[in-house]
Amino acid sequence: MVVLRLALLFLFELRLTRSVLVPNVSVEVAAGPRPAANWQPRSSLAVTYSEVLQPLVNISIGGQWLQLVYDSSSAYAVAFMKEYNACIPNNLSSCFSYKEAEKNGGLHVCIGNNDPKETCDFHSKGKFMCDKYLANVSNATCHSDGLVIDGLQYYQRGLEALDDVMMEVDLGERQIFSWSYVPIRLLQNFTPNFKGSNVSLDLFRGADGILGGSGPSLSCRNTTVWTVLMQKLNVSSFYLDFHPPKSSIFNDSLPSRIVFNEVDPKAAKMLWSQPKQTGDLINDAMHEMLIYKPKVCGVDLLYNASSNWLTILDTSGPCLSFPPFLFDRLRTHIPVDCPFKQGDMSQGRLCSPAQVDGQRVKLPSLSFQLEDSREPMPSSIDLAL
């Protein structure tokens, strides 16, 4: 499975439309520099970026406004707890305080956290119930879970709770929606599960948590913050209108946002993916598409393996991730230096363009199609590596 990290893709002027009801994805391919736009969608959610290019959205949990990483491949609304130094850096002023949330009166810690028979993952046969509560967070037993980003597993230790949630949505003017008793996860610990050399990117630096944007079937709870927002706005599709941050050399001075139920009328040509498979918890929840004929330097990376590969559209990390055999094939065709041997797992370490006479070599582009070859040939999408 290939994981396309949108923080990277949008640096090269790609935008994605995801239908909530119809299992396919469209990719907008910019045909050249986009002029300054004055398009004002009817409803959208503002997006900014962390210093490691993770998209951030503003959300209030327990009466505290937080910057959460928008993660399209997970389901939970996660807050890093200040009292356990879960934020990076651990003195981050905006980090979620469970003590402050308890004072505000909306935080309810699920009693099921202390029941070893209760598990909270999407493999559970029944949903995690939260209709009885503990006195406070300090009386709860944390449980372990994991989240894989850019090939590196992050170890999570946290607990399940309910709290008041607010989100600011642009409906022509700023409007704040609020809900009570919304499922959240409070993390005591969130660290890379890898003992060895340091990872290349300090992901989640400056972030206060995670806003999961996948389908609710990846959650052990009956609903998610993202699902509540989709229902409130009657969303049938959303448009990830992400642009490079102001600090980027690709900056086009356009705002980044998640747009609901419409697409920029001046958008470039839209290419639609083939319908994805459905019928199981993971595929139903993930934003996926099939890519065909992925090529570098004219070489088909899937030669003798398959004509297509299932791809996850993910926003939580800045990298383009490949399964081991595809990455090894890619590595043989591009001049890169990697801090690990061929055939080894990257474990969060990044390759960089090789140097010749002190200058970094320019890497070729990666191309792929959204449908199989036919006459006339379908359009090809090119991504600079």
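A disulfide is taken here as a pair of cysteine sulfur atoms within 2.5 Å, and by this rule the count comes to 3 disulfides. The model is a predicted one, in which local features need pLDDT of at least 70 and side-chain atom pairs count only at pLDDT 80 or more, while totals for chains, interfaces and linings use all residues. Residues are numbered from 1 along each chain as its sequence is written, and side-chain values use heavy atoms, with hydrogens and water left out.

Take cysteine 87 and cysteine 95 to begin with: their sulfur atoms sit 2.0 Å apart in a disulfide, and the link is right-handed, with 90° about the S-S bond. Cysteine 87 counts as buried because its relative accessibility is 3% (buried means under 20% relative accessible area, exposed over 50%, and partly exposed in between, with a 1.4 Å probe and protein chains only). Cysteine 95 is buried too, at 2%.

Cysteine 110 pairs with cysteine 130, again with an S to S distance of 2.0 Å. Here the link is left-handed, with -95° about the S-S bond. Cysteine 110 lies in strand 8 (residues 108-110) and cysteine 130 in the loop between strand 8 and strand 9 (133-134), so this bond ties together parts that are 20 residues apart in sequence. Strands (E, at least two residues) and helices (H or I, at least four) are DSSP runs, numbered from the N terminus. Both cysteine 110 and cysteine 130 are buried.

That leaves cysteine 338 and cysteine 351, joined by a disulfide at 2.0 Å from S to S. The link is right-handed, with 110° about the S-S bond. Both cysteines lie in the loop between strand 20 (336-337) and strand 21 (352-353), so the pair ties together parts that are 13 residues apart in sequence. Cysteine 338 counts as buried at 19% relative accessibility, whereas cysteine 351, at 27%, is partly exposed.

On to the nonpolar packing. A nonpolar core is a set of buried Ala, Val, Leu, Ile, Met, Phe, Trp, Tyr and Cys residues joined through side-chain atoms within 4.5 Å. The largest such core has 44 residues, and Leu186, Trp226, Leu229, Ile258 and Phe260 touch the most other members. Leaving aside residues up to four places away in sequence, leucine 229 touches Leu45, Met167, Val169, Trp179 and Phe260 (contact means heavy atoms within 4.5 Å). A second, separate core holds 26 residues, including Val52, Val78, Leu147 and Leu187.
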